[in-house]
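User: I would like to learn how to read strands, helices and cores in a model such as this one. Could you take me through it feature by feature?

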Amino acid sequence: MSNIAAFQAALAEPAVERDAIFEALHTMRTHLGMEIAYLSEFVDGKLVFRAIDAPGLEHLAQVGGSMDLADTYCNQILSGHLPQLIPDTLDLPVAAAMPITHQIPIRAHVSVPIERSDGSTYGMFCCLSPKPNTSLNNRDLALMRVFARLAQSEVQRTLEVSSNHSMLSDLIDRVMRERAFDMVYQPIIDLRSGDLKGMEALCRFRSDPYRAPDLWFGDAARVGKSVLLELTVIKMALKALQDVPAGVYLSLNASPDTVASGRLAEVFAGHPGDRLVIEVTEHAAVADWATLDRCLHALRTMGVRVAIDDAGAGHSGLQQMVRLRPDLIKLDRSLVDRIDEDRARRSLCAAMVHYAAETGASLVAEGIERQEEAEVLRSLGVQTGQGYLLARPMPLADLLASCGPKRH
């Protein structure tokens, strides 16, 4: 990532870091009685302004603006031909001979280098005035260096964040490019007949040590690539559909953002939509309901059914469920766990059964791990379920082999 791109990434960080630099500039500018203070970065022979405090003189320099580095005092200060503190630039032949001294004009100037963590020069922490200031002394320079170090620590932290952002983005790109993940499938079983009704596609990323999928998708979201990663995984999962027995559906997970991107219709093109279910996680907030509704309608016209995932444990509960109008409702494992021992869970599950019957939806209970739980769910009218009691997620070949006798 270039320095410019790194700084642009840093601008997405909370404002407090930039405020800290601005406060350092403002404090030094007012202490020295000068008109302009700025933090600059050196980029490809240019001095680029990164933070400025110059009330009333904003026309002279703007954040993101630049000028040729050779035209400034910076190279002369770094080489030692000019001092860091100049009470009157006209007293120094090198400064007096430079066009910038008269163009701005610059008569008093204090500038301290800012370094990166590797010791290279990032830019300058600078104050200047169009009037000479013969009162400037070494104590002023010492204080300037203190505030420059404060700004430097913020710069270094921001560059580190930007570097980490770039590394993480590159890692997500590599995962997508190399398909560095495997698909496993968990059966969705009819709780009465034991027949295989569907299978949920789940992603397992290859890493050492192993990291859970939600961490990978969280990282992708942090670098703005969650939709791309989800689509890559979904495309891989769809390859299983050609081997899935007739009458068995394939369930795929997608965040609201991925659904609202409108790209799933293209991904699903050429596949039998009536055998696909898209699970929209209830944990994620919906930013744009109008767009999501439009994209869900497009998928439904292809025959794709919509499921709400983790129902009862998510961001907006029943309100989101009503808005999505799901064809399938997947009861979160928190409702299933010990349901045989908990009247409140049984009551809530019974209410969900009634809701599903009224809306024409089907229920899928997730996280069934005990026989007692399965029996209670059956008695309440829950049609299908998945969980370790029934089958663990497994490679497609193993799933088809283990469920073979019950396929229709």
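User: How many bridges join strand 9 to strand 10, and do the two strands run parallel or antiparallel?

Analyst: Please keep in mind that this is a predicted model. As a general idea, the strands of a sheet pair through backbone hydrogen bonds, either parallel or antiparallel. Here, strand 9 (residues 249-254) and strand 10 (residues 276-281) run parallel and are joined by five bridges, and within this pairing Leu-250 stands opposite Leu-276 of strand 10. Both strands belong to a closed barrel of eight strands that runs 7-8-9-10-11-12-13-14, with mixed pairing.

User: Which strands make up the open sheet, and in what order?

Analyst: The open sheet has six strands in the order 3-2-1-6-5-4, with antiparallel pairing. Its edges are strand 3 and strand 4 (85-86), each of which pairs on one side only. Strand 1 (residues 36-43) and strand 2 run antiparallel and are joined by seven bridges, with Leu-39 having Ala-51 of strand 2 as its bridge partner. On the other pairing, three bridges join strand 2 to strand 3 (residues 66-68), again antiparallel; there Val-48 stands opposite Ser-66, while Lys-46 has Asp-68 as its bridge partner.

User: Which helix lies across strand 5, and at what angle?

Analyst: Helix 6 (residues 138-178) runs at about 40° to strand 5 (108-115), and this helix also lies across strand 1, strand 4 and strand 6 (121-129).

User: Is Ser-111 buried or exposed, and what is in contact with this residue?

Analyst: Ser-111, which lies in strand 5, has a relative accessibility of 1%, and because buried means under 20%, Ser-111 counts as buried. Leaving aside neighbours within four places in sequence, Ser-111 is in contact with Ile-77, Gln-84, Met-124, Phe-125, Cys-126 and Met-144.

User: At what angle do helix 7 and helix 8 cross, and which residues make the contact?

Analyst: A crossing is read from the helix axes, and those of helix 7 (residues 213-222) and helix 8 come within 7 Å and cross at roughly 135°. The two helices are therefore oblique to each other. The contact is made by Trp-216, Phe-217, Ala-220 and Ala-221 of helix 7 together with Ser-226, Leu-229, Glu-230 and Val-233 of helix 8. Sorted by class, this contact has six nonpolar residues, one polar residue and one charged residue.

User: Which residues touch the most other members of the largest nonpolar core?

Analyst: That core has 72 residues, and those touching the most other members are Tyr-185, Met-199, Leu-252, Val-259, Phe-268, Ile-278 and Ile-329. Helix 8 (residues 226-238) supplies the largest share of this core, with seven residues. There is also a second, separate core of 25 residues, which includes Val-110, Met-144, Phe-147 and Leu-159.

User: Which residues are in contact with Ile-278, leaving aside its neighbours within four places in sequence?

Analyst: The contacts of Ile-278, counted in that way, are Leu-252, Asn-253, Ala-254, Val-259, Leu-264, Phe-268, Leu-299, Val-304, Arg-305, Val-306 and Ala-307. Among them, Leu-252, Val-259 and Phe-268 are also listed with Ile-278 as residues that touch the most other members of the largest core.

Note on methods:
Residues numbered from 1 in each chain as written. Predicted model: local features only at pLDDT ≥ 70, side-chain atom pairs only at ≥ 80, totals over all residues. Heavy atoms only, no water. Core = buried A, V, L, I, M, F, W, Y, C linked by side-chain atoms within 4.5 Å. Buried < 20%, exposed > 50% of the residue type's maximum accessible area, 1.4 Å probe, protein only. Helix = DSSP H or I, 4+ residues; strand = E, 2+ residues; numbered from the N terminus. Contact = heavy atoms within 4.5 Å. Axes fitted to C-alpha atoms, helices over the stretch in contact; angles between N-to-C directions. Parallel < 35°, antiparallel > 145°, perpendicular 65-115°, else oblique. Nonpolar A, V, L, I, M, F, W, Y, C, P; charged D, E, K, R; others polar. Pairing = 2+ DSSP bridges.
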